[in-house]
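Biologist: Could you take me through this model? I have some questions about how its parts are arranged.

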Amino acid sequence: MPQEADAIITVTDIHKVYPNGVHALKNVSQTIREGEVVVVVGPSGSGKSTFLRTLNQLETINAGEIVVDGISLTTPGDVNKLREEVGMVFQSFNLFPHLSVLDNICLAPMKVRGISRNDAEDRAVELLAKVGLSDKAGSFPPQLSGGQQQRVAIARALAMQPKIMLFDEPTSALDPEMVGEVLEVMKQLARSGMTMVVVTHEMGFAREVADRVLFMESGELLEDSVPDSFFDNPDSERLQSFLSQVI
Amino acid sequence: MEKQPNQVLWNLVFGVLLLLMGVGIYKSSQSIDYIWRWERIPQYVFYKAENPLRAEFDGTVATNDSGQLVLVNDFNDSEQTVIKGFSDVQVYDGDLVFEGDLLAVSYEWKAGPIANGLVMTIKLSLVSIVFAILLGVISGLARISPNPALRNLSILYVEVIRGTPLLVQIFIVYFFIGTVLHLDRFTAGVAALSIFTGAYIAEIIRAGIESINKGQMEAGRSLGMSRGDTLRYIILPQAFKRVLPPLAGQFINLIKDSSLVSVISLTDLTKAGRETVSSTFSPFEVWFTVAALYLVLTGILSYVVRRMEVKYAARS
């Protein structure tokens, strides 16, 4: 399926049914343009994380079509090629605990992109400076705070120089005082023009940074609008009641 | 505060219990009129071998220019035997010697049957451990493979091996496979032991890999790394650290199980023990010695593995 001129992700009528019978995604369609920051909100179990994980095929879909950066995810192909272009940040960081911070960042560029250790380390040092952790290159993940770990995880994903970044509740596992430092890095990334899809409960972040906000519930995409109208004039009743609970 | 046991008192109790056990063993051997002959045992571990030099011809002992004793053939002066390097010379200058007479003796320390058996057990265990690890890692990985052929092969292997006694497996490997493929005893023994231990290692490896958080695989894959690379660089190094203690237990089992290969006439420590018993008639001393030697082997292994655990734990 051809993508629109500046569309980088096109999702058409996708369905996801888990083996245990849960219908996690129902008929979801969405187009995301290059450089756009899209925030997905919704109650837990609404399918927003599943939606995000279908975009780099950590979850496969049962029906519909997804095209990311010109690669169709429904025709058999090299899924690793797609994932090189799509970075992901997890709720539980998922840093590699047996590798130093520097090696966490260098591993994939060296093994996947085939660049030399020196070049990889140069880039890693640059990225660590960007996320404000220049002094932690030699530390191991268990020695870092949650906020620091998540910033390393962002640097690790960026080291692959992806075109798209996916964030799966990046601040949900953090102590409240560490949420700010991670959001700050994400804002900086958004300003640099990165295409981002962010699943989060941080409404302030959505309002400030998002180009569009999506609302999902029970596997359906119920609302898709710019932040101002999303928060000030919500269309659906369900979104109104959701917002009244979280804000 | 919870009441803590008195360290001195209970260590003392431990010591007394050990002492009682020792006395018990001594008393019970007395009650059956057993005569302990520990002095017979060391020669089966190491013994002084006699190396005699005998005359090869009739001759006379003389001293040559450089002061060495030589035996000169009475019928042919050019035929001489220099007597040197012997600790115990039995002849003197001028002695008349006939063919076959003892000229001198030297002694050297040689390994007895028990020491040879110990070496065989070590060799057998080391070679088997290497192959068992190879087999175990390969079938452990196959067990979690998405490919049904690999997965089912691995399940079949593990179930068949775990479900049959090692002794029977040794017989099958030696008499059936060994006959078909013309394996010698040692190869058959190594094959049986590594196939047996490999099945248990496979389960340990699988459990180790599955104990690593699913997020680690997802993180590796989301960076574009292949499944194989993620396993190799991310999952296995972490799993290895966790499986070290059960793996050590399995290696210790292998050393002990290696005693069963004596049934195919491999002279390992156990078979050497049996042979020594039949020539000394001192079963108690021999089997205690053999047990102590096994304990030394497994003890060294435990120690090495514990050191490795500490080393790896320190790194994270």
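This is a predicted model: local features need pLDDT of at least 70, side-chain atom pairs count only at pLDDT 80 or more; totals for chains, interfaces and linings use all residues.

Biologist: Let us begin with the interface. How many residues of chain A are in contact with chain B?

Modeller: There are 23 residues of chain A in contact with 18 residues of chain B.

Biologist: And what area is buried between chain A and chain B?

Modeller: About 1,800 Å² is buried between the two chains, and carbon and sulfur atoms give 61% of that area.

Biologist: Which residues in chain A lose the most area to chain B?

Modeller: They are A:F96, A:H98 and A:K111, which together account for 28% of what the chain A side buries.

Biologist: On A:K111, how far is its C-alpha atom from that of A:K26?

Modeller: The separation is 37 Å, for two residues that lie 85 residues apart along the chain. A:K26 itself is placed in strand 2 of chain A, residues 23-33.

Biologist: What is A:K26 in contact with, leaving aside its neighbours within four places in sequence?

Modeller: Its contacts are A:I14, A:H15, A:S218, A:G219 and A:E220. A:K26 has a relative accessible area of 29%, so it counts as partly exposed.

Biologist: Let us turn to the helices of chain B. At what angle do helix 3 and helix 4 of chain B cross?

Modeller: The axes of helix 3 (residues 113-143) and helix 4 (residues 148-162) of chain B cross at roughly 125° and come within 7 Å. Helix 3 and helix 4 of chain B are therefore oblique to each other.

Biologist: Is the crossing of helix 3 and helix 4 of chain B left-handed or right-handed?

Modeller: The crossing of these two helices of chain B is left-handed.

Biologist: Which residues meet there, in helix 3 and helix 4 of chain B?

Modeller: From helix 3 of chain B they are B:L135, B:S139, B:A142 and B:R143, and they meet B:L150, B:R151, B:S154, B:I155 and B:Y157 of helix 4 of chain B. By class, this contact has five nonpolar, two polar and two charged residues.

Biologist: Next pair. How do helix 5 and helix 6 of chain B cross?

Modeller: Helix 5 (residues 166-181) and helix 6 (residues 185-210) of chain B have axes that come within 9 Å and cross at roughly 135°. Helix 5 of chain B is therefore oblique to helix 6 of chain B. The crossing of helix 5 and helix 6 of chain B is right-handed.

Biologist: Which residues make the contact between helix 5 and helix 6 of chain B?

Modeller: Helix 5 of chain B provides B:L166, B:Q169, B:I170, B:V173 and B:Y174, while helix 6 of chain B provides B:R185, B:A188, B:A191, B:A192, B:L193 and B:F196. These divide into nine nonpolar residues, one polar and one charged.

Biologist: And what about helix 7 and helix 8 of chain B?

Modeller: The axes of helix 7 (residues 214-222) and helix 8 (residues 227-257) of chain B come within 9 Å and cross at roughly 140°. That angle makes helix 7 of chain B oblique to helix 8 of chain B. Helix 7 of chain B passes helix 8 of chain B in a right-handed crossing. The contact involves B:Q216, B:M217, B:G220 and B:R221 of helix 7 of chain B, with B:R227, B:T230, B:L231, B:I234, B:I235 and B:Q238 of helix 8 of chain B. Its residues divide into four nonpolar, four polar and two charged.

Biologist: Back to chain A, and its backbone. What is phi of A:F93?

Modeller: Phi of A:F93 is near 65°, a positive value in a residue other than glycine. A:F93 is found in the loop between strand 6 (86-89) and helix 3 (101-113) of chain A.

Biologist: Is A:F93 buried or exposed?

Modeller: A:F93 counts as buried, because its relative accessibility is 12%.

Biologist: What about phi of A:E169?

Modeller: Phi of A:E169 is near 45°, again a positive value in a residue other than glycine. A:E169 is found in the loop between strand 7 and helix 6 of chain A. With a relative accessible area of 12%, A:E169 is buried.

Biologist: Finally, where is A:D175?

Modeller: A:D175 is in the loop between strand 7 (164-168) and helix 6 (176-191) of chain A. At 43% relative accessibility, A:D175 counts as partly exposed.

Methods. Residues are numbered from 1 along each chain as its sequence is written. Chains are lettered from A and ligands numbered from 1 in the order in which they are written. Side-chain values use heavy atoms; hydrogens and water are left out. Axes are lines fitted to C-alpha atoms, for helices over the stretch in contact, and angles run from 0 to 180 degrees between N-to-C directions. Helices (H or I, at least four residues) and strands (E, at least two) are DSSP runs, numbered from the N terminus. Angles under 35 degrees count as roughly parallel, over 145 as roughly antiparallel, 65 to 115 as roughly perpendicular and the rest as oblique. A crossing is left-handed if the near helix is turned anticlockwise from the far one by less than a right angle, and right-handed if clockwise. Contact means heavy atoms within 4.5 Å. Ala, Val, Leu, Ile, Met, Phe, Trp, Tyr, Cys and Pro count as nonpolar, Asp, Glu, Lys and Arg as charged, and the others, Gly among them, as polar. Buried means under 20% relative accessible area, exposed over 50%, partly exposed in between (1.4 Å probe, protein chains only). Buried area is the accessible area (1.4 Å probe) that two parts lose on being put together, summed over both.
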